Amino acid sequence: MTDFVFSEENFRAPKLPSNLNIVDVPLVLATDENLKGFGKIISHPDEITCEKKNFEIVPWPVTGRRPLDPGTGDEAGTTEGDFEVHWSGDFFHGKNLAVSTTNNVYLDGLSSPPELASSTNPSNSNFIYLWMSDYHPDGGQLFFPRLPLPFVVCLGPSKVGDDVQPSDMKAFLIPKGKGVYFHPGTWHNGVYIEREYSPATFLTRQGRVHARVSASWAEEFKCLLRVPLSR
């Protein structure tokens with residue numbers, strides 16, 4: 001691990017090193033079968049809600065030997081709102097309007113390595129280079145596009161915990177007209193789109209506590225994950 005801090009400034013405009021190693025992450029068409037352990041495909045955002053008791057909220061951790069009383073510790077429920085994404089040159093940005101923190105604007109990826117990335121003369125790459133991923137220990141999260149479009153997610157299993165490695169990550173293409181739900185603790189980041197769909201807005205729903213634990217591939221592993229945006 002490194003001392004990199006995911007502050008507002010570092011999330012919006014991280015100072016990424018040059019000449020990082022590139023780790024290719026193969027892209028597969030998402031199905032409920034290959035998403036087992038990560039989450040599931042959804043056809044409508046109302047398929048998974050607290051009211052239906054199928055949106056996972058992790059009970060508040062206790063600090064002593066006594067257990068939580070039944071029916072307590074998970075009552076904060078969910079928050080939801082727009083998750084906006086867009087390409088600006090070689091830079092792919094996200095903004096999560098569902099959460100109340102001001103640390104909700106992200107550089108989610110690039111279409112070129114940092115030393116080649118340009119704001120005005122973008123590459124023709126159909127890849128996204130990911131410099132970080134995160135997970136939410138407090139609850140699940142879903143994304144559903146406001147207008148039908150295909151999109152990509154890059155996921156790591158919750159079972160690896162904080163010992164995640166670049167090789168743990170897998171990329172999934174979510175078909176047009178579908179959305180995706182992640183289990184608590186699943187490594188992910190945002191949602192990624194081809195330039196032709198930019199800008200785009202997604203509905204996101206997640207645990208209201210919004211605990212976030214992050215790893216910088218660039219700082220900790222000296223690499224970037226290269227993910228295709230189409231098959």
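Predicted model: local features only at pLDDT ≥ 70, side-chain atom pairs only at ≥ 80, totals over all residues.
## Cysteines

A disulfide is a covalent bond between the sulfur atoms of two cysteines. How many disulfides does this model have? The count comes to zero. Cys154 takes part in no disulfide. The nearest cysteine sulfur to Cys154 belongs to Cys223, and it is 11 Å away.

## Burial of the two cysteines

Are Cys154 and Cys223 buried or exposed? A residue counts as buried when its relative accessible area is under 20%. Cys154 has a relative accessible area of 1%, so this residue is buried. Cys223 has a value of 3%, and therefore Cys223 is buried too.

## The open sheet

Three strands form an open sheet in the order E2-E11-E10, and their pairing is mixed. Which strands lie at the edges? They are strand E2, residues 27-29, and strand E10, residues 151-155. Each of these edge strands pairs on one side only. On average, neighbouring strands of the sheet are turned by 30 degrees against each other, with direction ignored.

## The pairing of E10 and E11

Strand E11 covers residues 170-174. Strands E10 and E11 run antiparallel and are joined by five bridges. Which residue of E11 is the bridge partner of Phe151? The partner is Ile174.

Notes
Residues numbered from 1 in each chain as written. Heavy atoms only, no water. Disulfide = S-S within 2.5 Å. Buried < 20%, exposed > 50% of the residue type's maximum accessible area, 1.4 Å probe, protein only. Pairing = 2+ DSSP bridges. Helix = DSSP H or I, 4+ residues; strand = E, 2+ residues; numbered from the N terminus. Axes fitted to C-alpha atoms, helices over the stretch in contact; angles between N-to-C directions.
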